[in-house]
Each structure stands twice: as structure tokens, then as C-alpha cells.
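Hello,

Here is the structure we talked about. My notes follow below it.

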Amino acid sequence: MTQDELKQAVARAAIEYVPQGIIGVGTGSTANFFIDELAKVKGRFDGAVASSEATAQRLKSHGISVYELNDVGELEIYVDGADEITKHMHMIKGGGGALTREKIVAACAKQFICLADASKLVDLLGNFPLPVEVIPMARSYVARELAKLGGQPRLREGFITDNGNVILDVVGLTIMNPVELETALNQIVGVVTNGLFALRPADVLLLGTADGVKTMK
Ligand code: 5RP
């Protein structure tokens, strides 16, 4: 099976978790497969909160109602992909640059359902460059602080987030303790969000493998 077929398989499997009401939807190619599956069952739920402009556009293109997060209460589920995930459900996210809104929508959900193909499951986070969203005027300062933590930050060229900020992709970090590092990165002035999702990990992982979709909790 190709990586896309694995992503499609987990997207299909996630439909079983869709409740009535409003759901949170992530960003990226796996989330896009999920949106396409959602379109097939759109009579079964009320609508969605999107984690990016791109996701909002795709949902609307399928005729799915998109709600502002401030207009809805707690969400039953948030469904999204990841760049890396461990068996402890800690993730690196933000490869698509939507990490801030993803973290906000995830925070509002009772259950985070992560969809990933088998290549995303790792023993140790950090092979994938860690995205850090930064207020533009703080870019150099934050880069120096990230270097002090042992990382090598690289500006994501030509990319501005939905929130008008820039992204530093950090390589070279040894992420032995994702909760500690996420907390430390949150303390750097000028950092809006970092792509570690460990303080609020996933609750369910639907992992696409050659042997079928595996559910991990
Ligand atoms: C976007 C994300 C995505 O979930 C992550 O990059 C995985 O993307 P894909 O499903 O395309 O592999 O965090 O900001």
C-alpha cells in the first residue's frame, strides 16, 4: 500500500468516531482525506471547526458547515494528522504550519484522535524538524534562544502562518522529555506556539499499516 492509501484507510476508520454535533478538524494531507470521508456522511453531524484557512475551504467546498471556535462550546473530538508520534501519544505537528490553531482546537476537544500512516510512529521525537511559530519581530531573539537549547533553527522561507507569523524549523534537538521541552519552549518570549503536542497528547492513534488500521490508546 502507498502512504496515501494508508492515510485514506485511517481517514475512513476515523468516521466511526464522529459524533452528532460539531467536530474539530486538523490540517494536512491526512486531514484532507478525513474531510473527504466526512463529506460522505455529512448528514450525521452538524459541522466543523477548522484548524486552518485551508481546512475551512476544503470543508466548505464539500458543503460542510464551518463554525468559529468562539461560537461553540467544548468539542467531542478533534481529528488530525501528525509529523511524528510516539507510543506515549506525544507528537510533533506543524509540518503544514497550522500548529497554533491546531493546538487551540485540540485544547477544546474531549478526545484527540490522531491519524497517521506507519512511517509516523517513532521511538524518539525529533528526526522531523520541530516547527516553532514566532512573532516576526522576535525571530532573531527566539532563534538565539533555541540555539541555547541545542537546536539549529531555520526560517521557513516564504511562509507566513494564518496568524501572520513566521515559522522556525528546529533540527538537532534531542527530545528525551517532550513535556519538559514543550514547557521550556512556551517560556521563550516571542514564541506563539511550538509543535510539540505532549502536554495535551493524542487520546487515540489510528495507525495505518500494511496489516490494516491499528488502534492505540
Ligand atoms: C499541519 C500538521 C499535520 O498534521 C502534519 O504536518 C501531518 O501532515 P500530513 O497529514 O500531510 O502528513 O501538523 O500543521
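**Salt bridges and surroundings**

Glu 37 counts as buried, at 9% relative accessibility. (Buried means under 20% relative accessible area, exposed over 50%, partly exposed in between, with a 1.4 Å probe and protein chains only.) This is a predicted model: local features need pLDDT of at least 70, side-chain atom pairs count only at pLDDT 80 or more, and totals for chains, interfaces and linings use all residues. Residues are numbered from 1 along each chain as its sequence is written, and side-chain values use heavy atoms, leaving out hydrogens and water.

Glu 37 has a partner. Its side chain meets that of Arg 12 in a salt bridge, 3.8 Å from N to O. The pair links distant parts of the chain, 25 residues apart: Arg 12 is in helix α1 (residues 3-14) and Glu 37 in helix α2 (residues 29-39). (Helices are DSSP runs of H or I, at least four residues; strands are runs of E, at least two; both are numbered from the N terminus.) Arg 12 is partly exposed, at 45% relative accessible area. Lys 40 joins Arg 12 and Glu 37 in a network of salt bridges.

The whole structure holds 12 salt bridges. The term means a side-chain nitrogen of Lys or Arg within 4 Å of a carboxyl oxygen of Asp or Glu. Two further examples:

- Asp 117 pairs with Lys 120, with the closest N and O atoms 3.9 Å apart. Asp 117 is buried at 1% relative accessible area, and Lys 120 is buried at 13%.
- Lys 148 pairs with Glu 145 at 2.8 Å, N to O. Both lie in helix α5, three residues apart, about one turn of the helix. Lys 148 is exposed, at 65%.

**The annotated site**

UniProt, in an unreviewed entry, places the feature "active site" at Glu 102. Its positions are given in the numbering used here, feature names are shortened, and annotations may be inferred rather than shown by experiment. Glu 102 is in helix α4 (residues 99-107). Glu 102 is buried, with a relative accessible area of 2%. What does Glu 102 touch, not counting residues up to four places away in sequence? The contacts (heavy atoms within 4.5 Å) are Thr 27, Ser 51, Tyr 78, Asp 80, Lys 93, Gly 94 and Phe 197.

**Loop residue**

Ile 135 is in the loop between β8 (130-134) and α5 (139-148). Ile 135 is partly exposed, at 38% relative accessible area.

Best wishes
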